Amino acid sequence: MQYKNLGRSGLKVSQLSFKAWVSFGNQLDVKEAKSLHQCCRENGVNFFDNTEVYANRRAEEIIGQANMELGWKRSDIVVSTKIFWGGLGPNDKGLSRKHIIEGTKASLKRLDMEYVDILYL
């Protein structure tokens with residue numbers, strides 16, 4: 001696998017990333033997610049992408065649980081998530097300061113992580 005610098009951030013990300021998208025939670029469970037993640041890591045992928053709304057928020061939970069069960073060092077992977085779509089409430093979507101903060105905190109809780117490396121807005 002080749003790695004590229006992500007802009008001037010200092011992060012080195014694999015040229016391929018793994019995106020949870022809607023299949024996690026709706027079609028795939030933690031066991032299958034672990035298998036896919038392991039295959040990715042064995043082939044050099046270090047970049048895992050999510051968003052706050054994939055599979056009605058279940059995708060982040062599955063990714064977090066899979067990473068924890070695999071016992072990976074957090075420093076070995078690059079994790080991203082996206083904030084915008086949120087929920088149904090008037091302040092649960094968009095790019096207000098309130099939603100950015102609350103959406104990020106909720107994503108971190110679902111991912112069971114202290115930080116994400118990349119936050120897309």
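Ala55 is buried, with a relative accessibility of 6%; buried means under 20% relative accessible area, exposed over 50%, and partly exposed in between (1.4 Å probe, protein chains only). This is a predicted model, in which local features need pLDDT of at least 70 and side-chain atom pairs count only at pLDDT 80 or more, while totals for chains, interfaces and linings use all residues. Residues are numbered from 1 along each chain as its sequence is written, and side-chain values use heavy atoms, with hydrogens and water left out.

Ala55 belongs to the loop that runs between strand 4 (47-49) and helix 3 (58-70). Helices (H or I, at least four residues) and strands (E, at least two) are DSSP runs, numbered from the N terminus. Asn56 is found in the loop between strand 4 and helix 3, but it counts as exposed, at 69% relative accessibility. Although Ala55 is not a glycine, it has a positive phi of about 50 degrees; Asn56, also not a glycine, has a positive phi of about 55 degrees.

## The annotated domain

UniProt, in an unreviewed entry, places the feature "domain: NADP-dependent oxidoreductase" at residues 28-121. UniProt positions are given in the numbering used here, feature names are shortened, and annotations may be inferred rather than shown by experiment. Over residues 28-121, the chain is 44% helix and 12% strand, and the end C-alpha atoms are 26 Å apart.

## Exposed leucines and a nonpolar patch

Leu88 lies in the loop between strand 5 (78-82) and helix 4 (97-111). Its relative accessible area of 85% makes Leu88 exposed.

Leu121 is placed in the segment after strand 6 (118-120) and counts as exposed at 56% relative accessibility. Together with Phe84, Trp85, Leu95 and Leu119, Leu121 forms a nonpolar patch on the surface, with about 490 Å² of accessible area in total. Such patches are made of residues with over 30% relative accessible area and no salt bridge, where like charges are joined within 9 Å and nonpolar side chains (Val, Leu, Ile, Met, Phe, Trp, Tyr) within 5 Å. A salt bridge is a side-chain nitrogen of Lys or Arg within 4 Å of a carboxyl oxygen of Asp or Glu. Accessible areas come from the Shrake-Rupley method with a 1.4 Å probe; for residues, only the protein chains shown count as cover.

## Cysteines

The whole structure contains zero disulfides, a disulfide being a pair of cysteine sulfur atoms within 2.5 Å. The sulfur of Cys39 has its closest cysteine sulfur in Cys40, 5.9 Å away, which is too far for a bond. Cys39 is partly exposed, at 42%, whereas Cys40 is buried, at 13%.
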